[in-house]
Amino acid sequence: MKASLFSFIIAQHDQTLRWLESLPFVDGARMGFYGLSYGGETAVRVPAVLEKYALSICSGDFNNWTRKVAATDERFSFMYTIEWEMPYFNLGSTFDYSEMAYLIAPRPFMVERGHHDLVGRDRWVAYEYAKVKWLYAQLAIPDRTEIEYFNGGHAINGQATFEFLHKHLNWPKLSN
C-alpha cells in the first residue's frame, strides 16, 4: 500500500475537520488539537499536515524521537517495549519532533511535560523544544510557542495549556 499508519489517521482527521466545520455551532477557525501520549504524537504529526488546526498542544510525547526509538541505554526506549508500530520507516533521518513542529508554524504550538513522565528525559525534551523556540523567535512570533514543565507524570496538567487555549483560540474563561 506504501502508506503508514498516519496516512490513515490524517485522512480521518481531515474528514472530521471538514464535518465539524460544516456544523453551525462550530467555529472552523478555532479548532485546536490537544493530545496526550499517542495523542501527543498525533498532535505533532497531523497538524503539521492539516492546516485547519488553528493550534496544537503535545502532551506526554514530545521527545528526541530518534533517540527514543533506538537508545539501548534507556529502559523506556522502544528497543525495550512491545509497541511494534513505533519505528516508522526512515523517520529518524528525515524529521524529528522539532522539524515536525516547524511545519506547524506560524500557528501556535505548545508542549506539556511532566517531570516524572517515564517516556523520556526532561533534557531530551528541552533540547528538542529549544529548536522550536528558536524558529518561532526567528519568525518574530515567540509568543506563539510555549513549554510547560509540571511536577507530575504522564498526564494532562491543564494549567498553562488551558491558558494557551484561552489566549490563542480566544476561548472565553468560565466564571465561577
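In helix α6 (residues 160–169), the buried residues are Thr161, Phe164, Leu165, His166 and Leu169. The cover over these buried residues includes β1, β2 (55–59), β3 and β4. The model is a predicted one.

- Asn170 comes after α6 and has a positive phi, near 50°.
- An α-helix has 3.6 residues a turn, so residues three or four places apart point the same way.

**The chain as a whole**

- The chain has 6 helices and 4 strands.
- Along the sequence these elements follow the pattern α-β-α-β-α-α-β-α-β-α.
- The chain has 176 residues, of which 44% count as buried.
- Among contacts with a separation of 6 or more, 68% are between residues 24 or more positions apart.

**Helices α1 and α2**

- Two packed helices are described by the angle between their axes and the distance between the axes.
- Helix α1 (residues 5–22) packs with helix α2 (residues 38–45) at an angle of about 75°, and their axes are 11 Å apart.
- Angles of 65 to 115 degrees count as roughly perpendicular, and α1 and α2 are therefore roughly perpendicular to each other.
- On the α1 side the contact is made by Leu5, Phe6, Ile9 and His13, and on the α2 side by Tyr38, Glu41, Thr42 and Arg45.
- Sorted by class, this contact of α1 with α2 has 4 nonpolar, 2 polar and 2 charged residues.
- Ala11 is also found in helix α1, and it is partly exposed, with a relative accessible area of 45%.
- From C-alpha to C-alpha, Ala11 and Val46 are 9.4 Å apart in space, while in sequence they are 35 residues apart.

**Aromatic pairs**

- The count of aromatic pairs comes to 7.
- One of them joins Phe33 and Tyr53 edge-to-face, at 5.3 Å centre to centre and with 75° between the planes.
- Phe33 lies in strand β1 and Tyr53 in the loop between α2 and β2, so this pair ties together parts that are 20 residues apart in sequence.
- Phe33 and Tyr53 are both buried.
- Phe162 and Trp171 also form an edge-to-face pair, at 5.9 Å centre to centre and with 80° between the planes.
- Phe162 is partly exposed at a relative accessible area of 35%, and Trp171 counts as partly exposed at 36% relative accessibility.
- Phe62, Tyr97, Phe109 and Tyr129 make up one aromatic cluster.

**Backbone points to check**

- Most residues other than glycine have a negative phi, and most peptide bonds are trans.
- Ser37, in the loop between β1 (32–36) and α2, has a positive phi near 65° and is not a glycine.
- With a relative accessible area of 29%, Ser37 is partly exposed.
- Ala140, in the loop between α5 (122–138) and β4 (145–150), has a positive phi of about 60° although it is not a glycine.
- Ala140 counts as exposed, at 62% relative accessibility.
- The peptide bond from Ala105 to Pro106 is cis, with omega near 10°.
- Pro106 is found in the loop between α4 (97–102) and β3 (109–114).

Notes:
Residues are numbered from 1 along each chain as its sequence is written. This is a predicted model: local features need pLDDT of at least 70, side-chain atom pairs count only at pLDDT 80 or more; totals for chains, interfaces and linings use all residues. Side-chain values use heavy atoms; hydrogens and water are left out. Axes are lines fitted to C-alpha atoms, for helices over the stretch in contact, and angles run from 0 to 180 degrees between N-to-C directions. Helices (H or I, at least four residues) and strands (E, at least two) are DSSP runs, numbered from the N terminus. Angles under 35 degrees count as roughly parallel, over 145 as roughly antiparallel, 65 to 115 as roughly perpendicular and the rest as oblique. Contact means heavy atoms within 4.5 Å. Ala, Val, Leu, Ile, Met, Phe, Trp, Tyr, Cys and Pro count as nonpolar, Asp, Glu, Lys and Arg as charged, and the others, Gly among them, as polar. Buried means under 20% relative accessible area, exposed over 50%, partly exposed in between (1.4 Å probe, protein chains only). Rings of Phe, Tyr and Trp (its six-membered ring) pair if their centres lie within 6.5 Å; planes under 30 degrees apart count as stacked, over 60 as edge-to-face and the rest as tilted.
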